[in-house]
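Please have the sequence and the coordinates at hand.

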Amino acid sequence: MQKTLVIDPGKCTGCKQCEMACSYVKEGTFNPSKSRIRVFDFHTEARFVPYTCTQCDDAWCQQACPVDAITTDPVSGVKQVHDNLCVGCKVCTIACPFGTINYNVSTGKVIKCDHCGGDPECVKACPTQAIVYSDAEQAGFDKMRQWAAKTDNAPQTTA
Amino acid sequence: MAWTRKILRVNLTTGTCETEPLNMEWAKKYLGQRGLGTKYLIEEIDPKVDPLSPDNKLIFATGPLTGTCASTAGRYSVITKGALTGAIACSNSGGYFGAELKFAGWDMIIFEGKAKRPVYLSIVDDKAELHSAKDLWGKSVWDTDAALKSIHQEPMMHVAAIGVAGEKGNMYACIVNDLHRAAGRSGVGTVMGSKNLKAVAVRGTQGVSVENFRAFMKATEAGKKTLQENAVTGEGLPAYGTQVLMNVINESGALPTRNFHDVQFESAHDISAEAMAEPRRSDGKPNLLANQACFSCTIACGRISKIDENHFTVVNKPEYWHASGGLEYEAAWALGAATGVKDLEALTYANFICNEQGYDPISFGSTLAAAMDMYEEGILTKKQTGGVELKFGSAEMLTQMAEMTGKCEGFGKQLALGSKRLCEKYGRAELSMSVKGQEFPAYDPRGIQGMGLAYATSNRGACHLRGYTVASEILGIPEKTDPLATDGKAGLVKAFQDATAAVDSAGLCVFTTFAWTLEDIAPQIDAACEGNWTPDTLLESGERIWNMERKFNLDAGFTGKDDSLPKRLLKDAAKTGPAKGLTSGLDKMLPEYYQVRGWNNKGVPTKETLNRLGV
């Protein structure tokens with residue numbers, strides 16, 4: 001089963017625990033600027049939105065890479081950057097329409113979310129379940145359910 | 001580890017920025033933030049210095065845990081000799097600024113001297129530079145924040161700035177970061193303004209490490225679980241914010257109303273958390289839109305509110321039709337119950353103005369309440385107020401005065417003095433509800449006796465954040481004590497004061513202590529920092545910090561006589577509620593407090609006490 005990060009911005013409080021967990025597991029320090037997931041604060045609208053790579057099936061970054069440093073995990077479908085191949089040309093960062101693959105100055109390689117190999121740290125760190133890891137084919141289930149609840153099919157009372 | 005071990009020293013007179021190593025001997029005794037920043041200040045300034053002279057210093061200090069994943073570990077403090085009080089000032093703020101400063105690689109910034117012309121400091125990692133603030137001077141905090149992000153093309157920059165209030169010498173000006181989090185009390189923003197320093201803008205990309213990651217992750221995870229499972233930090237604060245207290249404190253007969261004439265506010269519900277969440281009658285939408293966490297905080301008590309667009313305060317001002325920092329309990333009380341105003345939208349607007357122009361809503365509301373008191377007594381007349389009727393309960397007047405105080409215009413200029421100076425000016429010093437020149441927060445010492453002692457002895461003047469015995473006396477945390485009794489309160493106040501000093505110095509938020517004791521906190525600090533940090537060493541560190549602050553105040557000229565409360569609280573009994581008939585029993589608690597502190601009967605720490613603590 002392929003899994004995906006399902007993000008509900010309505011639950012996000014902007015605490016950045018996800019960024020801390022991500023940077024700790026990937027970089028060994030607490031450093032939000034190196035996090036693969038980022039929380040955006042739309043202050044005047046009272047909205048916080050966590051955002052990260054959605055693991056495109058036919059991925060722009062992968063297509064653009066001139067040295068084939070980005071591969072697809074056959075089981076999870078996750079796109080992975082191979083540091084031993086990446087030359088730091090940054091073409092993938094231009095190709096990605098979502099901005100979710102980025103250059104890391106300290107290593108000279110690009111970095112992106114890889115679902116932590118199937119056990120994402122951001123999910124475990126989120127105190128409000130704004131980020132959950134679930135079946136990729138059922139990512140819309142909760143939203144469908146919410147709308148389903150609004151469907152008025154109550155039995156009509158007749159006079 | 002945990003500490004970056006680097007201090008940025010900025011001399012505003014000469015315009016230089018220098019790096020120096022953190023004194024690790026002191027760090028091991030005073031931890032960081034409040035404790036360590038105060039140690040530096042005390043070592044470097046004359047306690048008798050005029051707070052607004054170039055010889056006073058202004059320190060921005062983070063704690064060792066600031067910038068880590070420990071819950072609430074995003075805080076910083078501003079330490080200086082307070083403009084409002086002349087006492088030691090240490091104002092603590094959340095938001096994201098403190099963590100960003102740490103990520104840039106700095107434990108602390110020490111500002112000294114005074115710039116000839118307005119300047120701001122930019123920090124991008126190791127690079128710190130002073131720039132002209134000519135084009136920023138006169139701008140609000142909000143406009144300054146936007147301008148600096150644009151000038152530096154750094155949308156992820158975090159800004160701490162003063163508004164017009166700080167520039168123009170409002171005595172209780174704040175330093176506001178991230179638009180609506182503030183180092184709020186004692187006039188730390190006034191000191192910043194006196195140095196011609198408009199803002200500090202920081203971007204950090206270097207990360208923070210800790211001594212033992214494995215132990216730290218384990219300890220912080222356990223801590224977060226405890227917060228989540230606790231009724232206050234896991235349910236009450238996220239859902240209602242600190243405003244959860246409004247109805248509770250009112251029912252306890254400890255909600256100071258109309259300049260402490262009353263201890264219960266008949267319209268408390270109208271300005272409560274519950275009212276913020278209910279759909280408004282006017283437009284069917286609630287005042288409260290969302291809750292917001294500060295950096296790393298898993299509680300998320302912050303309120304984000306939006307004012308009804310048709311409300312008289314903003315109907316012609318679309319620039320205020322957006323969401324921003326909403327009412328916390330203390331602000332809602334000061335702007336509301338203290339002034340007798342029950343219009344939630346008006347309070348929210350006044351709160352926006354406080355954030356926008358950078359001044360403390362607690363001191364502002366209380367000062368306005370004192371002015372109203374004098375107006376109703378006939379001491380102040382329309383002649384002095386510029387034609388304004390300063391009557392308790394008027395929302396129009398509250399919001400008009402908030403605007404004028406923000407800009408130091410008209411009668412706002414007098415309100416910007418703070419209640420002590422204002423009441424002294426008109427010969428009614430006793431109507432200022434303050435200790436050491438700083439206005440009370442939202443708990444009446446007649447209904448919560450321990451708070452009277454906590455206010456009287458607070459090193460930065462009246463304050464709820466130095467020893468929050470409300471937790472014990474009202475909420476039963478860590479154990480219930482009788483709010484109307486004075487017995488045992490001396491020890492209780494000391495215990496809260498010492499523990500709080502340690503929590504503040506670590507870089508954590510004191511709200512965690514609704515769920516955490518030092519038993520929960522010590523393992524987190526111990527894993528992060530070198531040295532041996534146990535509940536006992538933390539408590540000792542807290543006591544050391546408390547005595548160091550006290551000694552500074554005594555050297556500055558304060559005496560035991562300043563550990564007092566206004567006459568109204570000592571002579572006029574509460575008229576209603578559970579405390580009906582009671583006055584503050586400060587005289588019963590204070591001598592015992594001096595004793596448990598190891599101070600003489602004049603409130604001076606004995607040589608033995610200072611030696612024991614190594615002060």
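The model is predicted.

**Helix α2 of chain B**
- Nine of the twelve residues of α2(B) are buried, so the helix is largely enclosed by the rest of the structure.
- The buried residues are B:Gln33, B:Arg34, B:Gly35, B:Leu36, B:Gly37, B:Thr38, B:Lys39, B:Tyr40 and B:Leu41.

**Chain B as a whole**
- The secondary structure of chain B consists of 25 helices and 17 strands.
- Its radius of gyration is 22 Å, close to the 25 Å from the globule rule for 615 residues, so chain B is as compact as a globular protein of that length.
- The C-alpha trace of chain B extends about 60 × 55 × 45 Å along its principal axes.
- Of the 615 residues in chain B, 64% are buried.
- Among contacts in chain B with a separation of 6 or more, 70% are between residues 24 or more positions apart.

**Chain A**
- Chain A contains five helices and eight strands.
- Their order along the sequence is β-α-β-β-α-β-β-α-β-β-α-β-α.
- Buried residues account for 38% of the 159 residues of chain A.
- Of the contacts in chain A between residues at least 6 apart in sequence, 54% join residues at least 24 apart.

Terms used: Residues are numbered from 1 along each chain as its sequence is written. Chains are lettered from A and ligands numbered from 1 in the order in which they are written. This is a predicted model: local features need pLDDT of at least 70, side-chain atom pairs count only at pLDDT 80 or more; totals for chains, interfaces and linings use all residues. A residue is buried if 20 or more other C-beta atoms lie within 10 Å of its own, exposed if 12 or fewer, and partly exposed in between; C-beta atoms are placed from the backbone. Helices (H or I, at least four residues) and strands (E, at least two) are DSSP runs, numbered from the N terminus. Two residues are in contact if their C-beta atoms, placed from the backbone, lie within 7 Å. The radius of gyration is taken over C-alpha atoms; the globule rule is 2.2 Å times the number of residues to the power 0.38.
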